[in-house]
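Student: I would like to learn how to read a model like this one. Can we go through it feature by feature?

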Amino acid sequence: MARLADDAMPTHEEIATYWYCRALPGSDDYVPLIDLGEPECFACGWCRTEQVTSKKALEKRWKGLERAHVLARSLGGADAVENIILLCERCHKESPDTADPQRFWRWVIDHPASGSMGYVFQLEGPRDPRVRDYTGPQAHALRALALLSSDDWETLVELQEKMTQKEFIRLMREAEMRIGGVSTHWGIGLSSGTVAEIFREVARHHRDLQEEGR
Ligand SMILES: [Zn+2]
């Protein structure tokens, strides 16, 4: 079979949109992608750290991620969106190429996540000036946190301390579903107000569960 040109591949946008809010095959896990406007490697959560001030710059940042086949082309894998994820260069090089897609997915799911949410809760609280002044890749999440009450913040810190990043992102997905879904614009991503509502719902639900458990 002739090798297809790269432009036959789904775009970065199509891949991200397909996988956003979708559990990985054979797993309850989601990729560490909390915001379509803040692209991250689906395995490790790596993202470029340049500040993004325009839609064009954001597109460039997405292109810093490579389109990786789950089942390699050489093993008969299709250039279809459900067979492609976004990985940083390093993860792409390290990812397994076998005839069994489940092995690829297990590698993605077991990969230690290094990005995004971990450091967010190391801040002192919503009033920490670093929350408001930060302009790097997690700016949306930080601005969202700045909108929260101290109670919500404390609940989120408590949750974050006892779970993995992937488990925490799963709580965010469930919260999104409970509030009836959220919407996003490609290149803009979730607004900080939207992320704040998701965080609030995570915190509220957790406190409700604790009340019930009493
Ligand atoms: Zn990576």
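The dialogue below goes from the overall layout to single residues.

Student: What should I know before starting?

Tutor: This is a predicted model, in which local features need pLDDT of at least 70, side-chain atom pairs count only at pLDDT 80 or more, and totals for chains, interfaces and linings use all residues. Residues are numbered from 1 along each chain as its sequence is written.

Student: How many helices and strands are there in the protein?

Tutor: Helices (H or I, at least four residues) and strands (E, at least two) are DSSP runs, numbered from the N terminus. The protein has ten helices and two strands. From the N terminus on, the order is α-α-β-β-α-α-α-α-α-α-α-α.

Student: What share of the residues counts as buried?

Tutor: Count C-beta atoms, placed from the backbone: a residue is buried if 20 or more others lie within 10 Å of its own, exposed if 12 or fewer, and partly exposed in between. Of the 214 residues here, 30% count as buried.

Student: What do contacts say about sequence separation?

Tutor: Two residues are in contact if their C-beta atoms, placed from the backbone, lie within 7 Å. Take the contacts between residues at least 6 apart in sequence: 66% of them join residues at least 24 apart.

Student: Which residues have the most contacts inside the largest nonpolar core?

Tutor: In soluble globular proteins, nonpolar side chains tend to be buried together. A nonpolar core is a set of buried Ala, Val, Leu, Ile, Met, Phe, Trp, Tyr and Cys residues joined through C-beta atoms within 7 Å. The largest one here has 38 residues, and C41, F42, I85, L86, L87 and F199 have the most contacts inside it. At least two residues of this core come from each of α1, β2 (84-87), α4 (101-110), α7 (139-146), α8 (150-162), α9 and α10 (192-213). Helix α10 gives the largest share, six residues.

Student: Where does this core lie relative to domain 1 and domain 2?

Tutor: Domain bounds come from an automatic or database domain assignment. Domain 1 (6-110) and domain 2 (117-213) both contribute residues, so the core lies between them.

Student: How do I check the length of helix α9?

Tutor: The expected span is 1.5 Å times one less than the number of residues. Helix α9 (residues 165-178) has 14 residues and should span 20 Å; its end C-alpha atoms are 20 Å apart, which agrees. After α9 comes G180, with a positive phi near 85°.

Student: Which residues in α9 are buried?

Tutor: An α-helix has 3.6 residues a turn, so residues three or four places apart point the same way. In α9, the buried residues are K166, F168, I169, L171 and A175.

Student: At what angle do α9 and α10 pack?

Tutor: Axes are lines fitted to C-alpha atoms, for helices over the stretch in contact, and angles run from 0 to 180 degrees between N-to-C directions. Angles under 35 degrees count as roughly parallel, over 145 as roughly antiparallel, 65 to 115 as roughly perpendicular and the rest as oblique. The angle between α9 and α10 is about 100°, with axes 9 Å apart. That makes α9 roughly perpendicular to α10. From α9, L171, M172, A175, E176 and R178 meet I198, E201, V202 and H205 of α10.

Student: How do α8 and α10 cross?

Tutor: Their axes come within 9 Å and cross at roughly 75°. That makes α8 roughly perpendicular to α10. Here D152, T155, L156 and L159 of α8 meet F199, R200, V202, A203, H206 and R207 of α10.

Student: Is A175 buried or exposed?

Tutor: A175 counts as buried because it has 20 C-beta neighbours inside 10 Å. Leaving aside neighbours within four places in sequence, A175 is in contact with I198, E201, V202 and H205. A175 and I198 are 23 residues apart in sequence, but 6.0 Å apart C-alpha to C-alpha.

Student: What does R178 touch?

Tutor: R178 touches E201 and H205, not counting residues up to four places away in sequence. R178 is partly exposed, with 13 other C-beta atoms within 10 Å.

Student: Where is G45?

Tutor: G45 sits in the loop between α1 (12-19) and α2 (55-63). G45 counts as buried, with 24 C-beta neighbours inside 10 Å. Its C-alpha is 8.8 Å from that of L87, 42 residues apart in sequence.
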